[in-house]
Amino acid sequence: MDLISNILKHITVRNRVTGLLSLRGDWAFESPAADEAVFHCIFKGTACVTFRDQTIQLKPGDMVMFTKGHGHVLGSTPDARMVTFAENDTRVRMHDVHAGEICEVVKDAEGEETSIICARFNFSSQTAKDLVEHLSDQVVLRDQSHSSFSALEPVLRAVAAEAHSDDPGALAQLDGLVNLLYMSFMRGWLKDYAPENSGWIAGMKDPKIAKALQLIHADPGKDWHVTGLASEVGMSRSSFAARFADVTGVTPVRYLTRWRLIMAANQLETEPSRPIGSIALAAGYDSEPSFSTAFKREFGSPPGIWRKDRLNGAVHELGRA
């Protein structure tokens, strides 16, 4: 498995669709600040986003994500009149599905149609947080309209129609489809837009370091040593250690330790009944106490308490939905 696929495979993200927009004429909606990442995907027509006095023009195939949930305005033009959800405008038809917080907006007017999918993502897992650290507050991907991307739009709308009719399972199916959009976004960003000076992302650009990273990610629990990794990539121990640190900003041992603990954190969260001792062994630790010490040093709490806090937080989030 390639490194990007390995990273994305281990990222747990809770997502939900918040808007299905089909608009004509002049329009604008304010997206208030949120505690989740906010995502817009342009399938048809054009739009613009205004954020911190900067206007970004969007075309079909463009995606924009506000990774920290900053407030912004999405509109047909920078000076378009704002349309509110309480507005009594017969040209605007809104259908709110409270259970899933989905809003379908259809605005009939003259001009070209603009079709947009809006969603929110909660980067809750430790791998997701580690990745988001490298993302700027606002990220734009241009022209992602390859065939698989284009094929998603009618499917999303068909499933959304089922969600509005309260068909069982439709909301879960819709969120699953939007997760494909998220994966497409992150894959595109990692492949073409990620800054080259950011940890493992920089390592992907260096063939020797990328090979070492792939070995670590493929089997993090293996008893890796700097000498063994250096041998695998055809370098001397000292040259490899220096190059790894220079490219990624951390030593090979530090990187390995960090990734092992991130994997362990994900398992603690996604496998709540799995014994901590089993997770410790999978992460390459011979004993639960040594694992607990390393885990607390990295994340501030012992694994048992950390797991309890995360699961309580997830229950709280479900109660708010």
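What follows is a conversation about the chain as a whole, one of its helices and one of its loops.

Student: What kind of model is this, and how many helices and strands does the chain have?
Tutor: This is a predicted model, and its chain has twelve helices and eleven strands.

Student: How much of the chain counts as buried?
Tutor: Of its 321 residues, 50% count as buried, while the accessible surface of the chain comes to about 15200 Å², with 51% of that belonging to carbon and sulfur atoms.

Student: Let's switch to helix 6; how many residues has it, and what does it reach from its first C-alpha to its last?
Tutor: Helix 6 runs over residues 207-218, which makes twelve residues, and it reaches 16 Å from the first C-alpha to the last, close to the 16 Å expected at 1.5 Å a residue.

Student: Which of its residues are buried?
Tutor: In helix 6, the buried ones are Ile209, Ala210, Ala212, Leu213, Ile216 and His217. They lie on the same side of the helix, because they cover an arc of only 160° around the axis. Pro207 and Ala218, on the other side of helix 6, are exposed.

Student: Why would residues a few places apart point the same way?
Tutor: An α-helix has 3.6 residues a turn, so residues three or four places apart point the same way.

Student: What does the buried side pack against?
Tutor: The buried residues of helix 6 pack against several helices, namely helix 1, helix 5, helix 7, helix 8 and helix 9.

Student: And what happens at the start of helix 6?
Tutor: There, a side-chain oxygen of Asp206 comes to within 3.1 Å of the backbone nitrogen of Lys208.

Student: New topic: where is Ser76, and is it buried or exposed?
Tutor: Ser76 sits in the loop between strand 7 (72-75) and strand 8 (92-97). Its relative accessibility is 14%, and therefore Ser76 counts as buried, since buried means under 20%.

Student: Which residues does Ser76 touch?
Tutor: Leaving aside residues up to four places away in sequence, Ser76 touches Gly25, Asp26, Trp27 and Cys48.

Key:
Residues are numbered from 1 along each chain as its sequence is written. This is a predicted model: local features need pLDDT of at least 70, side-chain atom pairs count only at pLDDT 80 or more; totals for chains, interfaces and linings use all residues. Side-chain values use heavy atoms; hydrogens and water are left out. Helices (H or I, at least four residues) and strands (E, at least two) are DSSP runs, numbered from the N terminus. Buried means under 20% relative accessible area, exposed over 50%, partly exposed in between (1.4 Å probe, protein chains only). Contact means heavy atoms within 4.5 Å. The expected span of a helix is 1.5 Å times one less than its number of residues. The arc is that of the directions from the helix axis to the C-beta atoms. A polar contact is a pair of N or O atoms within 3.5 Å; within protein, one must be able to donate a hydrogen and the other to accept it, and residues adjacent in sequence count only if both atoms are side-chain atoms. Accessible areas come from the Shrake-Rupley method with a 1.4 Å probe; for residues, only the protein chains shown count as cover.
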